[in-house]
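The topics are the overall pattern, then individual links.

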Amino acid sequence: MRASPFAVILLLAACTESPASTPDGGDAAPASGVDAGDVGGDAATPPGVDAGDRRRDAGLLDAGPAPVDAGGFEGCPFTGRPPIDESPLPHVSGRTESVRAGSFNDEYLYDATGAFKIGVRREWGGSVIFFGESGGRPGTNGTNTIDANDTGREVQVALYDPDRSVQGCSWNASCASGGGCPVQIRYLGWNPVQGGNRCNLGSPVEAVTSGPGSLVASTIPMQWNPDWDARECTANSCGGSGARVPSDVRMVQTARFVRPLVAEVRYTVENLADVAHRAALQEMPTMYTSNGRGGPDLWRLMDPNGTQIPIDTPAGGDGFMFENFTATGPWVSLQNDDLSYGVAILYENGLRDFQGWQQRSLPFNNVRSRIVFGLPARGVVHARAYLLLGSFATIQGQAAALLDELPPFGWLDGPTDTVSPGATSIGGWALDNRGVASVEARIDERVTVPLTYGGSRPDVCLAWPGYPRCDGVGFSGSYDFGAPTECPHLIEIIATDTDGNRRTIAERLVQVR
């Protein structure tokens, strides 16, 4: 079961019409290996999106880091260089592992020390079903901080559209004007859910791939409600052949460790349709924590300042409680009774508005950022969050260090790899969890060109919502590379954030012809 941000009465009364077993880890055994292939593979490119689209040119589609091509420049001072990773922090990941757990196939990624691991489930859209200590054996164990009870409760993404919020009015996008079926979880409208649907049928993965220090899962998630676009208020599809209804989006999730106790989870959501979805409260991602059944009961919702946030606003008549609140930082933690063990979720964009859900009699523990964004037709939205493990005191220290040390990231729009003699425009964008202080270009590792920062880039704000001043993150300037030469020039873009973190966010070889 899962809780929806659309209305407090969308509580998820039991959604186990086709129950799935929950493995206890006792019979876990190694299974087939992780698929070979490049990180993300072709799954990151939606059909119908032109590779020359400006959004891809601007680094807003998930094209991956642009390599610096060496072709034909052997013997020149600057030739091919490794691509710059879009993620701000380097990974400290270790080995991967495939485990058969009951009827499920789970993939695990360890940190470099081998002491901690994160796990995803192929049958549930690659959603995160484990984050805890390694336990000295394959598969899950009693340190798992994630619920993983059913297709609606793990660390996952779920999307909404106010014009298609419930069945009965989703079919013609008229829900914002009223009407439609009762606002209940069984009648939700357009609602792609990474884990699966209300029938407890999981979203199948397209691929799970292992790359340099990462575990990447791609899925076209199912609609939570198989009858989401029906004109009548029927809800009978769970027992029939129409129970599996794929959505019109693709989700790509990348997990990797950036510290032994900290796992980064990056999400790219691509709209595969020509239909735009207006801004709404989204789950990007939401976190359901373990509930004492086979693991710790992580129920105490803690603010970064050490204050417990009570979840005591009734959401209906069935015992569910919720709470909207503003935290003192961009993270919160769910802990056990004495705060000696738990998990936190930290949102890199810096948003501090959260929503918590709880039902102690189940039990049921959940928290998510109250992020608002829409999904343009054929558009892409990105998000990056971090899971932190340990006691509350440990997590406090880890979160403070992480927030202080996160450097900028961004993209170089131009120049292209070939320019004409004369002044050449330099432009792109840069983001940071707290803000960018300055951007400069370094030419041939010897000439520094200060760039103007703060230019209007509403396209970046649409693709990476929630970041500080995210509609004004463009940089621009110009440089004369001189006369035509056989060898290319190297341009590096270096951004410095308000904490003093300095990072090369892009580079390119440029030849004057």
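A disulfide is a pair of cysteine sulfur atoms within 2.5 Å. Numbering the bonded cysteines in sequence order, the pairing runs 1-10, 2-3, 4-6, 5-7, 8-9. The whole structure holds five disulfides.

This is a predicted model: local features need pLDDT of at least 70, side-chain atom pairs count only at pLDDT 80 or more, and totals for chains, interfaces and linings use all residues. Residues are numbered from 1 along each chain as its sequence is written, and side-chain values use heavy atoms, with hydrogens and water left out.

**C76 and C487**
- C76 is joined to C487, S to S 2.1 Å.
- The S-S torsion is about -80°, so this disulfide is left-handed.
- The pair links distant parts of the chain, 411 residues apart. C76 sits in the loop between α1 (54–57) and β2 (93–101), C487 in the loop between β28 (474–480) and β29 (489–497).
- Helices (H or I, at least four residues) and strands (E, at least two) are DSSP runs, numbered from the N terminus.
- C76 is buried at 14% relative accessible area, while C487 is partly exposed at 26%.
- Buried means under 20% relative accessible area, exposed over 50%, partly exposed in between (1.4 Å probe, protein chains only).

**C169 and C175**
- These two cysteines form a disulfide, S to S 2.0 Å.
- The link is right-handed, with 105° about the S-S bond.
- C169 is buried at 2%, and C175 is buried at 9%.

**C181 and C233**
- Their sulfur atoms are 2.2 Å apart in a disulfide.
- The torsion is about -110°, so the link is left-handed.
- C181 is buried at 4%, whereas C233 is partly exposed at 41%.
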